[in-house]
Amino acid sequence: MSVMEGTDALRLISRARREEVVVLSESCRQDWPPLSTREELDIAITGSMGKASSFGLGVALSQPDRTVWVLDTDGALLMNLGSLVTIARMKPANLVHFVYDNDAYDTTGGQPTPGSNMVNFQAIALDAGYPAAYRFDDLPAFEAGLAQVLAGPKPCLCVLKVASHGRRAGAGQMKRMYDSFTSIKSLLAS
Amino acid sequence: MAPTTQNLQAASVLDELGRCGVTHIVWLPDSETGFMYQAMMRSPFAIVPVCREGESFAIAAGLMMGGARPVVLIQSTGFFESGDSIRGLVLDLKLPLLLMLGYRGYLGPNKPPGDSAARFLEPILDAWGIPHKVVDSDASCHLISEMYQQAQRTSHPAAALMGREYRG
């Protein structure tokens with residue numbers, strides 16, 4: 001079985017997207033821009049040591065009628081693992097938490113994380129109180145299961161086991177976080 | 001030594017937040033603001049408990065992008081732990097966020113700090129350009145609104161340093 005390419009998984013996610021706010025972390029924010037069809041609803045959370053999931057929770061709580069997708073990464077989530085409990089406690093029924101899990105810190109060159117080939121985020125999320133959690137190791141399985149992820153109980157965690165490619169020059173450039181924040185805030189208020 | 005004033009009531013603090021139009025309190029209990037727990041649970045505010053203080057600033061930022069008006073209520077020690085969330089989110093996003101910080105080691109006005117947490121809090125806030133005032137009594141509770149409004153006016157965080165310790 002070949003390892004899933006992260007960009008292939010993101011392409012499927014993008015294809016399923018409608019009006020969701022997408023909150024991006026680390027290597028996802030490098031791979032997502034060329035695949036996004038709703039750049040005006042994308043925000044990359046930088047410079048906070050893995051807080052995309054927490055930011056996504058805040059958006060979900062303040063916009064209960066709009067679905068929020070967090071595209072998290074394994075290294076970032078390890079820095080903010082308690083957020084799984086916080087999210088589970090708040091029970092946002094509009095939050096889907098994807099984890100781009102490549103067992104490495106790609107943005108710093110692909111060094112293994114402390115949890116590399118060991119941590120089971122799906123099990124942790126379920127034990128933290130998420131009502132649903134999924135794991136996909138290959139693209140056909142993810143393609144077949146994505147609809148269930150999106151339609152099932154929330155908040156949910158969806159682990160995508162993807163290949164590590166180390167540091168890359170960024171397949172696309174995202175807007176600065178401040179610019180995304182102010183424009184999405186205005187859009188959500190309108 | 002105890003703080004000089006013990007006359008800070010939870011209802012007074014929450015009344016001030018109500019006047020400000022606050023919607024959410026993102027918090028982790030601490031010795032200085034633990035006395036507010038029961039009152040907070042009965043209040044109309046949405047309470048968002050966190051596991052670690054660094055989360056609180058990211059949650060508040062997300063809430064604000066979605067149009068809510070949160071405050072963060074944590075201890076000074078958690079403020080120290082949250083450094084990069086404050087730098088990367090609160091300051092870089094120019095959030096008009098009120099930080100309500102339990103002032104651990106505060107022994108009263110013009111008294112020397114009771115521990116290193118108290119010794120470093122105000123200098124660190126100053127270094128980051130976050131204005132702050134001490135709230136340690138009902139009489140000084142209006143400073144919560146003052147700092148909240150200052151944050152809104154300047155699109156920059158401001159802090160109310162809560163100087164009462166929980167005594168059970």
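This is a predicted model: local features need pLDDT of at least 70, side-chain atom pairs count only at pLDDT 80 or more; totals for chains, interfaces and linings use all residues.
Two residues are in contact if their C-beta atoms, placed from the backbone, lie within 7 Å. The contact draws 28 residues from chain A and 24 residues from chain B. On the chain B side, β2 (46–49), α3 and α5 (83–91) each supply at least two residues. Of the elements there, α3(B) gives the most, with 9 residues.

The largest nonpolar core has 103 residues, and its largest share, 8 residues, comes from helix α3 (residues 53–65) of chain B. The residues with the most contacts inside this core are Val23(A), Leu160(A) and Ala61(B). Take Val23(A) as an example: among the residues that Val23(A) touches are Ile43(A), Ile45(A), Phe55(A), Val59(A), Val68(A) and Val70(A), leaving aside residues up to four places away in sequence.

Val70(A) leads us on to a pair of strands. Val70(A) stands opposite His97(A) in β4(A). Strand β3 (residues 68–73) of chain A is joined to β4(A) by 6 bridges, and the two run parallel. Another 6 bridges join β4(A) to strand β8 (residues 156–161) of chain A, again in parallel; here Asp101(A) has Lys161(A) as its bridge partner.

How many residues of strand β4 (residues 95–101) of chain A are buried? The count is 7 of the 7, so the strand is largely enclosed by the rest of the structure. Both of its faces are covered, with Leu95(A), His97(A), Val99(A) and Asp101(A) buried on one side and Val96(A), Phe98(A) and Tyr100(A) buried on the other.

Now for a helix in chain B. Helix α7 (residues 142–154) has 13 residues and reaches 18 Å from its first C-alpha to its last, close to the 18 Å expected at 1.5 Å a residue. Its buried residues include Ile144(B), Met147(B), Tyr148(B) and Ala151(B). Why do they lie on the same side of α7(B)? They do so because they cover an arc of only 100 degrees around the axis. As a general rule, an α-helix has 3.6 residues a turn, so residues three or four places apart point the same way.

The cover over the buried residues of α7(B) includes α1 (10–20), β4 (98–102), β5 (132–135) and β6 (158–162) of chain B. On the face turned away from the buried side sit the exposed residues Arg153(B) and Thr154(B). Just after the helix, Ser155(B) takes a positive phi of about 50 degrees.

Technical notes:
Residues are numbered from 1 along each chain as its sequence is written. Chains are lettered from A and ligands numbered from 1 in the order in which they are written. A nonpolar core is a set of buried Ala, Val, Leu, Ile, Met, Phe, Trp, Tyr and Cys residues joined through C-beta atoms within 7 Å. A residue is buried if 20 or more other C-beta atoms lie within 10 Å of its own, exposed if 12 or fewer, and partly exposed in between; C-beta atoms are placed from the backbone. Helices (H or I, at least four residues) and strands (E, at least two) are DSSP runs, numbered from the N terminus. The expected span of a helix is 1.5 Å times one less than its number of residues. The arc is that of the directions from the helix axis to the C-beta atoms. Two strands pair if DSSP finds at least two bridges between them.
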